[in-house]
Amino acid sequence: MIAAPWMRDSLESFISLGIPFTERNMKLKPIFAAVSIATFSSALLAADMAKEMTVVSWGGAYSNSQLKAYHEPYMAANAGFKIINDESSNEAVAKLRAMAEAKNITWDLVDVEGPDSQRLCDEGLAMEMDFDKDLAAGTDGSTPTKDFGASLINKCFIPQIVFSTTFGYRTDVADWNGKKPEDLCAVFDTKTFPGKRSLEKRPKKNLEWALLCDGVEKEKLYEVLSTPEGVDKALAKLDTIKKDVVWWSAGAETPQLLADKEVVIGSTYNGRLFDVIEEKKQPVAMLWDYQIFDFDGWVVPANLPEDRKARVLDFLKFATDTQRLADQAKYISYGPARASSQPLVGKHATLGIEMAPHMPSNPENAKRFLVNNIEWWSNNEDEMNKKFEAWLAK
Amino acid sequence: MEQIQTPHGVPLKKQIARALFKQKVRALLLIAPLLIFILITFVIPITDMLLRSIDNSIVSDTLPQTTTVLETWDASTGELPDEAAFAALYHDLKQAIEQKNHTKLGTRLNYESSGMSSLFRKVGKDVSKMQEGISYKEQFIAADKLWGNLKTWTLLKVYSPKYTNGYFLAAIDMKKTADGAEMLPASERIYLNLFARTLFMSLVITGLCLVLGYPIAWLLANLPMRTSNLLMILVLLPFWTSLLVRTSAWKVLLQQQGVINDILVWLGVVSNTGRLELINNQFGTLVAMTHILLPFMILPLYSVMRTIPPAYMRAAKSLGATDWTAFWRVYFPQTIAGIGAGAILTFILAIGYYITPELVGGTQGTFISNRIAYHISSSLNWGLAAALGTILLTLVLVLYWVYDKIVGIDKVKLG
Amino acid sequence: MKLPIYASTGQKVWYYSFRVICGLIFFFLIAPILIIIPLSFNATDFFTFTPEMLRLQPEGYSLKHYQDFFTNSDWQNAMRNSLKIAPVATLIAVVLGTIAAIGLSQSHVPFRRAIMATLISPMIVPLIISATGMYFFYARLGNYMVGTIGMNADVVEYIKIVLAHAALGIPFVIITVTATLVSFDRSLTRAAASMGAGPVRTFFKVQMPLIIPGVISGGLFAFITSFDEVVVVMFVGSAKNKTLPWQMFTGLREQISPTILAVATILVVLSVILLVTLELLRRRSERLRGLSPG
């Protein structure tokens, strides 16, 4: 099997060790350390920095958490500076590619998921960072490389959070006769847990879950998926619930479907479920079994003009420091990517509940988990998509 | 024969030709600003976009020497290319890696064969370690055995030319191989089916719009102005309501725990456990799209019907025609232009929609445009998106042409 | 349209059932809007009729989504941007479109079919393709205007969207205006010319008043196209020029926010007021002109 195991292993170690640091990731350290120190230090004078900055993110509660934890304090400290929010992260890769082709980069900082950052970095669309120089050291004195540890999955990606895709279910389904889903395979068990399910309309994650419930070991998942029979096996498992599935393509759909009783169990990002359960007080509960982890973080578009680059770097240093990352967790249940931020995670800003138990990386929640093999998917996504679409249309 | 002359002594023929010429120039001058505007800001950019469907220069631009060497290589011998090809590949890649182009090529080739993406990403590190003087062939194969695989090289050769029909083949579920094009395995065919579905559903939507729009247009055209203008507000209101909002409203109405099902359960038409599936399938798309496009049918029909004097129907009836005959033989033929206008408008708009099918169509109710959007914003396979778009556009243009032949485009009235 | 007194039973049955059918179709047309209005007063953050709402209890209803719309600067900006973009795009489309339509309706136009097809092509090309193609063009144009001419970047961003939306609206203007011109009596312009009016004067005094209904309805379509357009603006536009549909789209995708229902309700109410006012004005002018109210 073709794989760059570090990408997956780094996330696994991040989760399983609790502290996001292993010696192994030292080799990830940027190869060229000093990218002309002179230009950077001279550009960092406030007078030379752009007066506004376009930040691209996902919108909704997530953008709001960034606004509260990063943007507002930064703007308060820098009078006359403005952040423009663009909620286009969904199209980020396509638009960044188009921007680079048209030589018209209008974005300054873009929030993307780990796999997308890999693609952007590979294609030279994102700027390579010098983490130890560009980012702030941890409050415990550790260098950024050490502090971020395994979450530094490539040279362009500045991690913010760990999130997971997992299942939520309604707690008031009469047909379940008092039973509660306890493991992932409840999703595939329409006898005990009748009702509709919502799954994302793409092969990624679903194929893995299907195989896990078809008796494939976690370690062998991608080996099995690499064979045509393996894919058929996964699709055959999905076939057993196909007529009960509502497919979603936007993150807001599963919460709405759960609230509407349209589905009884559905996959979405854990922060959305937190929002439904704790903030919107819907009768929904988390199913933490085999959640799939991902990092989410910033990338800076390549080839920004000096003044804008200086501003972005200045902002990044501030917005990814220990305190800021910990602050973000006050507004949304995603785990900070820095080790030094973890002890600082406190209570929710308005609800006043402890956030630590709601974090996906909380050991209690992460007894069994999965990490997508980014490398495998970058090779096989096109083909899997074709098969998945053909299967859906059947 | 003597020429007829104008009072000014100019031959009439000449004068007419001159006047005609002047008229033509004036017409063209009036059209010119808009024509230039549309050509520059729309037609040329779109053509440029669609040309991506045959553009394949990335392979020969990234690997210029390799593609030249491969020209003389015959894949059917079953032998790998010789050292010269590997050496050329080494030099090409060195260049490409400096400009970070090798991964783009990997992404491109991965559309055709899985595994190319990581092969080319990895090669960045491999090439930097290679030494001159030792056989590049051995070094490449040692770095990754895919380089020793005939398939990799055949792929490079097949995709060497600057232009390719590969995207178009992919758009009709075919695949380019060393021995020409062949159909994909049945488990990977999607597009032909989708094209057929898109056409079929757009036709059904157009038909539904006609069936629902005709009586409304007739009513509006035959009621007194006061009443019909007030009723017209009901037709125009949906127009003023965002497409996204209307689509969401249909979700609220049609879903299983939604308003319609609730009412049906309350009426006892269906049982609580037997709620109907009205959304996330073709039915959902049909209902929501018909609703969205209905005003586009009603307005042209209405403006045509308004011009038909009611006396015609009365005359027919006074000559002994039944209501039905009078309608069918006298009234209906006069509305053909309106039907044509409305139908072509709804059909063209329907065929290109993708947001509504995406939100309410589930798996069976999505259109080809959804796949185009997917390839533009997610898979980044713009070549394939352009090929699918070109085929769709050609279909629309053929229909437009047929319509123009039958009805004439200037008969289209929008109210 | 009244049922004649001599109508047979069959005709009576048909007359009334036809009315019922039409009523049902009208209901189909406005049902989604009827759903939106009560839901916009929803006290929860979902598009759901809660049991409290169905029991008509006051705690099931709230004005919070309206409050959100009027206090949230994102929504306010989006509204302002839409109102800044749509009228200007409409104006461009109407002016260029009307002039070209007049040119097209002359009796001898070379390459008429080809020109017509070109002019209405923005309506025919699927939007997602248009969006990508136009992106590249306008990005280059923007670079040129900012880099070479030295224009203000914000102004350029605005111009880009306006032009893109104008292009999308033009086919509607062309189609409606040429249709009105087909029935236009050409002897009127000749009469004007024979009395010594120049072409410009003839246009404004004779032609324009007669084709104005076509121009208005074309303008209406063009306005709606810009006001409700989400695909192209997301490609061509920048975050500063986020329009209402764009804001709604993110509101739907990332986090269901019933604020979009509140916005929709406000727009519906505004347009009802607008349309009713127009109708009342029309009746008034008819009365003043001494025409019998139709």
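Modeller: I call two residues in contact if their C-beta atoms, placed from the backbone, lie within 7 Å. This is a predicted model, where local features need pLDDT of at least 70 and side-chain atom pairs count only at pLDDT 80 or more, while totals for chains, interfaces and linings use all residues. Residues are numbered from 1 along each chain as its sequence is written, with chains lettered from A and ligands numbered from 1 in the order in which they are written.

Biologist: OK, how many residues of chain C are in contact with chain B?

Modeller: 79 from chain C, against 74 residues of chain B. Helix H1 (residues 9-39) of chain C gives the most to the chain C side, with 15 residues. Helices here are DSSP runs of H or I, at least four residues, numbered from the N terminus.

Biologist: And what is that side of chain C like by class?

Modeller: 59 nonpolar, 16 polar and 4 charged residues. Nonpolar means Ala, Val, Leu, Ile, Met, Phe, Trp, Tyr, Cys and Pro; charged means Asp, Glu, Lys and Arg; the others, Gly among them, are polar.

Biologist: Switching to chain B, where does UniProt put the "transmembrane region" feature?

Modeller: The unreviewed UniProt entry has it at several spans of chain B, including 199-221 and 336-355. Positions are in the numbering used here, feature names are shortened, and annotations may be inferred rather than shown by experiment.

Biologist: How much of 199-221 of chain B is helix?

Modeller: 100%, with the end C-alpha atoms 31 Å apart. Residues 336-355 of chain B are 90% helix, and their end C-alpha atoms lie 31 Å apart.

Notes:
Helices (H or I, at least four residues) and strands (E, at least two) are DSSP runs, numbered from the N terminus.
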